[in-house]
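Please keep the sequence and the model in view while reading.

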2 protein chains.
Amino acid sequence: MSNNQFKRGELYSVINGVASTAVARRLQKNFRNAGLEITIEQWSILYHLWKEDGLSQQELCTRTYRDKASITRLIDNIEKLGLVERIASKDDRRVNMVYLTDAAKPLQEATYNLANQTMNEALQGISKEEIEIVKSVFQRVYENSK
Amino acid sequence: MSNNQFKRGELYSVINGVASTAVARRLQKNFRNAGLEITIEQWSILYHLWKEDGLSQQELCTRTYRDKASITRLIDNIEKLGLVERIASKDDRRVNMVYLTDAAKPLQEATYNLANQTMNEALQGISKEEIEIVKSVFQRVYENSK
DNA sequence: TTATATTAGTTGCATAACTAACTATATGTC
DNA sequence: GACATATAGTTAGTTATGCAACTAATATAA
């Protein structure tokens, strides 16, 4: 057994993503307090559709770093809530395009405000330079680990 | 709707902890390739017990940032694998102390080596200073979001 | 054009997460 | 001592995750 146990112990925090979990929990709680009965994972899908409506499930996999099965079931649940619908692509009949319903649109501003407020609280006292470094490190760790 | 959509989009990556998820998946895969049939979540419990054997479930909650119910079931599963056992505390009969079994001890070196190797790969090209900043930012985000 | 390989999506199985409601034990206050 | 409160752990219910095996549609190659 090598003797750099402390180093590994610290790095485990990075693996675990403790801070991002804390932010996710806080955002989830803020949603609930506002009477928005969606999960943060569902919100992450809606978030991408608000930016660009009508994405394929495969595209949602790429943009949210999830596998196909996870997206299938997330869309199932959001569809049950009546917030999105699948429409088969005419160009390629294997593909489902996912579209927001009218019911989803009013949620956008409320959740954006909650997300902004949550992030502002989470990032208090942290400089733009530090955030840039975190983003850069995350990107490189992600590329190194694919 | 405010107009800093790009900023929010980027910050969402922080919420999501994409990089740490990638590392966790890679470590999981390395465990499997080595014939170690444990999950990374189970490993995170064993990791803390290797550092200090005989922790209460509550202490494991604190150290691994999980809630009580999650720890109960994680310990259930690790107990089924025969790697830990619960022993009721004599001082306080509400408390379960969790101890490693003899079967768990040989796993320590193999998993430490895999974890080291995985982390070294993940952290290639990233300086100690950058890691310190990430750790510091994580800690402050966590404190801000509790 | 027929056989093969690839891609998009679904389903089954196991693990894990959180909340809320619950039991049992300890502690604190009157 | 008795009643209220807090703490440790379990259980039920719902959502989400990953892998592997599967179907259906498309693309490639002989």
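Two parts of the protein are said to be in contact when heavy atoms lie within 4.5 Å of each other. An angle between two elements is taken between their N-to-C directions and runs from 0 to 180 degrees. The model discussed here is a predicted one.

Strands of a sheet pair through backbone hydrogen bonds, either parallel or antiparallel. In chain A, three strands build an open sheet, with the order E1-E3-E2 and antiparallel pairing. Strand E1 (55-56) and strand E2 (84-88) of chain A are the edge strands, and each of them pairs on one side only. How many bridges join E2(A) to strand E3 of chain A? There are five, and E3(A) covers residues 96-100. Within this pairing, A:Ile87 is placed opposite A:Met97, and A:Glu85 is placed opposite A:Tyr99. E1(A) is joined to E3(A) by two bridges, again with the strands running antiparallel. Here A:Leu55 has A:Val98 of E3(A) as its bridge partner.

Helices lie across this sheet. Helix H3 of chain A, residues 40-51, lies across E1, E2 and E3 of chain A and runs at about 85° to E3(A). Helix H5 of chain A, residues 68-80, lies across E2 and E3 of chain A, and its angle to E2(A) is about 120°.

A:Ser44 belongs to helix H3 of chain A. Is A:Ser44 buried or exposed? With a relative accessible area of 0%, A:Ser44 is buried, because a residue under 20% is counted in that class. The side chain of A:Ser44 reaches the backbone oxygen of A:Glu41 at 2.6 Å. The side chain of A:Ser44 also has a polar contact of 3.1 Å with the side chain of A:Arg66.

A:Arg63, in turn, is part of helix H4 of chain A, which spans residues 57-64. Its relative accessibility is 30%, so A:Arg63 counts as partly exposed. Along the chain, A:Arg63 and A:His48 are 15 residues apart, yet their C-alpha atoms are separated by 7.8 Å. Which residues does A:Arg63 contact, leaving aside its neighbours within four places in sequence? They are A:His48, A:Glu52 and A:Leu55. The side chains of A:Arg63 and A:Glu52 make a polar contact of 3.0 Å. The two residues examined here, A:Ser44 and A:Arg63, are 19 residues apart in sequence, with 9.7 Å between their C-alpha atoms.

Among the atoms of DNA strand C that come within 4 Å of the protein, sugar and phosphate account for 65%. Helix H2 (18-33), H4 and H5 of chain A, with helix H3 (40-51) and helix H5 (68-80) of chain B, each give two or more residues to the surface near DNA strand C. H5(B) gives the most, with five residues. By type, the residues of this surface are four nonpolar, eight polar and 13 charged.

DNA strand D is likewise surrounded by 25 residues, the closest being A:Thr39, A:Arg66, A:Asn77, B:Arg25 and B:Gln58. Of the atoms of DNA strand D within 4 Å of the protein, 65% belong to sugar or phosphate, and the rest belong to bases. B:Gln58 instead uses a backbone N or O atom, which lies 2.6 Å from a phosphate oxygen of DNA strand D. Which helix supplies the largest share of the surface near DNA strand D? It is H5(A), with five residues. The surface near DNA strand D comprises four nonpolar, nine polar and 12 charged residues.

Definitions and conventions:
Residues numbered from 1 in each chain as written. Chains lettered and ligands numbered in written order. Predicted model: local features only at pLDDT ≥ 70, side-chain atom pairs only at ≥ 80, totals over all residues. Heavy atoms only, no water. Pairing = 2+ DSSP bridges. Helix = DSSP H or I, 4+ residues; strand = E, 2+ residues; numbered from the N terminus. Buried < 20%, exposed > 50% of the residue type's maximum accessible area, 1.4 Å probe, protein only. Polar contact = N/O pair within 3.5 Å; in protein donor to acceptor, adjacent residues only side chain to side chain. Near = heavy atom within 4 Å. Nonpolar A, V, L, I, M, F, W, Y, C, P; charged D, E, K, R; others polar.
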